[in-house]
Amino acid sequence: MTTVPASDTEPPTVRPATRSDLLAVHRIEKASFPQPWPFSAFESYVGEPGFLVAVEDDDSDVSVVLGYVVADTIPNHGTPLGHIKDIAVAPDFRGDGVGRTLLSRAIGVLRDAGAGSVKLEVRISNEVAISLYRDLGFEHRRTIPNYYGNGEDALVMVRALDGE
């Protein structure tokens, strides 16, 4: 498949994920993580407001999925806590701002859902992602030893949404 990098001037279109996006989403997941989510996990989030895809529309009716994010809220002492569960960008589109755009939109969805803050977990070795999260206001709160199946630690990062 030939891909064309996203434009530097225009952010990608971000929209709710649909069933027709699932195969592309799962391919990106498998290309991005050593322990990918199963296809059925993504199926369960279709229709949820925090399952978003970034797409680049070409001249036909076909959209190329550039990346995705899965986010939701969980109860937390009366104010929901937002949780970025999964985010990935197709290898050919990394470094083009797709991840930043997706994360920003997901934060907006979580804010609209009443979340007071947002958390995520990230591999301690994923310096590119950690840098992006810090740029968007996330702070390291704690480290979870052996979080990932290969024994790698995870950083828990949190961003407050109050007062925004």
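**Exercise 1. Find how many bridges join E1 to strand E2, and which way the two run.**

Solution. Start with the pair itself: four bridges link E1 to strand E2 (residues 51-57), and the two run antiparallel. Strands here are DSSP runs (E, at least two residues), while helices are H or I runs of at least four residues, both numbered from the N terminus. Two strands pair if DSSP finds at least two bridges between them. For one spot to look at, Thr 13 sits opposite Val 55 in E2.

A quick word on the model: it is predicted, so local features need pLDDT of at least 70 and side-chain atom pairs count only at pLDDT 80 or more, whereas totals for chains, interfaces and linings use all residues. Residues are numbered from 1 along each chain as its sequence is written, and side-chain values use heavy atoms, leaving out hydrogens and water.

**Exercise 2. Work out the strand order of the sheet and name its edge strands.**

Solution. Step one: the seven strands make an open sheet, ordered E1-E2-E3-E4-E5-E7-E6, with mixed pairing. Step two: look for strands that pair on one side only, and you get strand E1 (13-16) and strand E6 (139-144) as the edges.

**Exercise 3. Decide whether Val 14 is buried or exposed, and list what it touches.**

Solution. Next, Val 14 counts as buried because its relative accessibility is 10%; buried means under 20% relative accessible area, exposed over 50%, and partly exposed in between (1.4 Å probe, protein chains only). Last, skipping neighbours within four places in sequence, Val 14 is in contact (heavy atoms within 4.5 Å) with Leu 52, Val 53, Ala 54, Thr 101, Leu 102 and Arg 105.

**Exercise 4. Find the nearest side chain of opposite charge to Glu 29.**

Solution. Begin in helix H1, where Glu 29 has its place. Now look for a partner: Glu 29 is buried yet has no salt bridge, and the nearest side chain of opposite charge, Arg 94, is 8.9 Å away. A salt bridge needs a side-chain nitrogen of Lys or Arg within 4 Å of a carboxyl oxygen of Asp or Glu. Lys and Arg count as positive, Asp and Glu as negative; His and the chain ends aren't counted. Finally, beyond neighbours within four places in sequence, Glu 29 touches Pro 36, Trp 37, Phe 42, Tyr 68 and Asp 86.
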